[in-house]
Amino acid sequence: MNLEEEFAQHRGELVAHCYRMLGSLHDAEDAVQETYLRAWRGHADFEHRSSVRTWLYRIATNVCLNLLQHSSRRVVPSALGAPGNDPDELHAQALEVPWLEPFPDQLLGADPATVVGDRASLRLAMVAAMQHLPPRQRAVLILREVLTWPAADVASLLDTTTAAVNSSLQRARAELARLRPREDELSEPHEPLRRALLDQFQAAMESKDLVVLEGLFSADARWEMPPIPTWFSGRSDVLRLLDAKLRPGPGRRVLVETSANGQPAFALYIRGTDDLFHAHSIKVLTYTEDVISAVLAFHQPSLFPAFGLPLIHGRS
């Protein structure tokens, strides 16, 4: 295997690693590109004291830490303020805010379990919580908990001591325990309940069946819509939002199933005046036991190509 093939073999896991660090798919892809450029330039000095994989992770982590010196943490609307309760008073899109982005599962390759380490570390709630950690503390958490690097190796990468790494890891764990949403720690439904939930959500959203949707949401369900800062909390307010924003009648919407961050997701297409279905948003679902507890609806059509989805959907 030549160097180019070996680089390509690790691309999916490196993008996932940089995404955990940066909270942005686009920034992660740029970071991996920079990692490869540095690796090509430095390959003559690489003496194989470690594996190529470990070497690439060292470079990628330093690239991400450099990027984080000049950027703000990625956020979701619920991190910015209290929820709203009036669907007619949504704030304008805040395009200047560095919003958290979803991660398409297809980028992980054919066997995600072999490349992502701890799969739970890619869940949206976890990535959003990690954004609150200082960059070096974030790196320690990911290298120790996800990649299971020895503390001595992390200390060498970060030019610090093993004791400092262990202390940083303890602080990171404590902060995540405080920040991580309660529903993200609970069990998810198994098949066939999971399949039934997704099928019902898809059909009810397409037909605007609020009665079915009411039965699918938990009492404290959240609905967030970056880059719109306004978000909604509680089943009744979420339903009020959907009632106001989903136009009634058949053939208004198409939902296409996909997946992001190890969670179920749907791409929403809206029928335009040209009778074509245009990309609207990627909706990532969090379900707790037998109900949907959160929906992060990314109103960013520019994300669709990363999911392998067209901007115009031809409904059959």
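Predicted model: local features only at pLDDT ≥ 70, side-chain atom pairs only at ≥ 80, totals over all residues.
1. Residues are numbered from 1 along each chain as its sequence is written, and side-chain values use heavy atoms, leaving out hydrogens and water.

2. The whole structure holds 4 aromatic pairs (ring centres of Phe, Tyr or the six-membered ring of Trp within 6.5 Å; planes under 30 degrees apart are stacked, over 60 edge-to-face, the rest tilted). Tyr19 and Phe103 make a tilted one, at 5.1 Å centre to centre and 45° between the planes. Tyr19 sits in helix 2 and Phe103 in the loop between helix 4 (52-68) and helix 5 (124-130), 84 residues apart.

3. Tyr269 and Phe304 form an edge-to-face pair, with 5.2 Å between centres and 85° between the planes. Tyr269 belongs to strand 4 (residues 263-271), while Phe304 lies in the loop between strand 6 (291-298) and strand 7 (312-313), 35 residues apart. Both Tyr269 and Phe304 are buried.

4. Now to His17, which is located in helix 2. His17 counts as buried because its relative accessibility is 0%. Leaving aside neighbours within four places in sequence, His17 is in contact (heavy atoms within 4.5 Å) with Tyr57, Ala60, Thr61, Ile142, Leu143 and Leu147.

5. On the helix 2 side, His17, Arg20 and Met21 meet residues of helix 6, among them Pro135, Ile142 and Val146. The residues of this contact divide into 6 nonpolar, 1 polar and 2 charged (Ala, Val, Leu, Ile, Met, Phe, Trp, Tyr, Cys and Pro are nonpolar; Asp, Glu, Lys and Arg charged; the others, Gly among them, polar).

Terms used. Helix = DSSP H or I, 4+ residues; strand = E, 2+ residues; numbered from the N terminus. Buried < 20%, exposed > 50% of the residue type's maximum accessible area, 1.4 Å probe, protein only.
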